[in-house]
Amino acid sequence: MSLQITPVDLSIDQITRSRRNRFTSVRLDRLVEYRDNEEWVEAAQNSEAARFVPLWRSRSLLASTDEGQYAVYLKPGELDRPDAIQPPTLLGTDGKRYFFAVSINDSQREKVLALYPEAQFIDLRRASVDMDAKHAGVLAYAKALHYWQHRHGFCGACGHPNRLYSSGHKLVCGNEECARQSFPRIDPAIIVLVTQDDACLLGRNANWPPKHFSTLAGFVEPGESLEDAVVREVYEEARIRLKEIHYVSSQPWPFPASSMCGFYAEAESRDCATSEELEELRWFTVPGLEAAVLEGSVRLSPPVSIAFRLLADWYSRRCGKDLEHLVRKAKKLRRESDRIISI
Ligand SMILES: [Zn+2]
């Protein structure tokens, strides 16, 4: 017996839904009104409440405990004089502390690691699986600004060096005749779980690790709405026509500069065809997905991704179970089977 499709739960408002996605739990007041108040920013930077989020070569400072990773914030005085060219970037306040992102160089890195020997600079995408949601959001916010600042050192119009303003949130060309302003760049992308009756579609890109399957996704192109991008990407990647699209939630994804806009879409039929981008497409019912994950023939995106969230919510709506639990069970089975083989 096949279950009826349950409509997307619209009783939760969009903000609440997005807040369930990793990197969205930044409860900071961004203090936008203070960004241009240099006196205020300097006082905040020099106050005891200042905390600095260090970034070295786009990597975040994290320390490990048995419970997982935690973000290490530097206190005033723990960092050499901030770099004059790259002043600290005001992120905001949680009501107790003022957070600033700072880029650090190799020698500053050595000093920081000497102060915090249990910490290391690591890739946030890898670390965020095991860390507190709020702090993952602070680090993601800092990383996104850092990436933008470091890749826009020169004016795109005249080639002169840019200078940072608004506490790190605006770049202005140093050529007075040009004075072009630019702002943090975000690349919008759509990500969509296509369903048809009791099944959902996952695809495999040839460049991904073996057995990795995920939802379809792609960048939004100029002159295109998010919905148009969903329709185009699904047709380009899988030759599927859609009959219904629902926006679900979004996620900042600073790897390097995306904003992921998540959708559910209902296909007209299960007819599909692989494309240059996707070498394999598979429809999964709930029992089919469970069997594939447990036997190890399918690996899913990590739980921090909106791809996983879209799939997990679909799975939970259809069968009332938790996809993370299924993935953990599959990992345990793999470990046990590896152990038996090694014995
Ligand atoms: Zn210029």
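These are my notebook entries on a predicted model of a protein chain.

**Ground rules.** I count residues from 1 along each chain as its sequence is written. Because the model is predicted, I read local features only at pLDDT of at least 70 and side-chain atom pairs only at pLDDT 80 or more, while totals for chains, interfaces and linings use all residues.

**Domains.** I looked up how the chain is divided and found domain 1 (19-151), domain 2 (158-184) and domain 3 (186-330); such bounds come from an automatic or database domain assignment. The centres of domain 2 and domain 3, taken over C-alpha atoms, are 38 Å apart.

**Helix α8.** Next I turned to α8, residues 306-319. Helices are DSSP runs (H or I, at least four residues) and strands are too (E, at least two), numbered from the N terminus. From first C-alpha to last, α8 reaches 20 Å, close to the 20 Å expected at 1.5 Å a residue; the expected span is 1.5 Å times one less than the number of residues. Is α8 enclosed or open? It is largely enclosed by the rest of the structure, because 10 of its 14 residues are buried. Buried means 20 or more other C-beta atoms within 10 Å of a residue's own, exposed means 12 or fewer, and partly exposed is in between, with C-beta atoms placed from the backbone. Among the buried ones I noted F308, L310 and W314. After α8 comes G320, with a positive phi near 75°.

**Two serines.** S58, in the loop between β1 and β2, has a positive phi of about 70° although it is not a glycine. S166, in the loop between β7 and β8, has a positive phi near 50°.

**A cis bond.** Last, I found a cis peptide bond joining F255 and P256, with omega about 5°.
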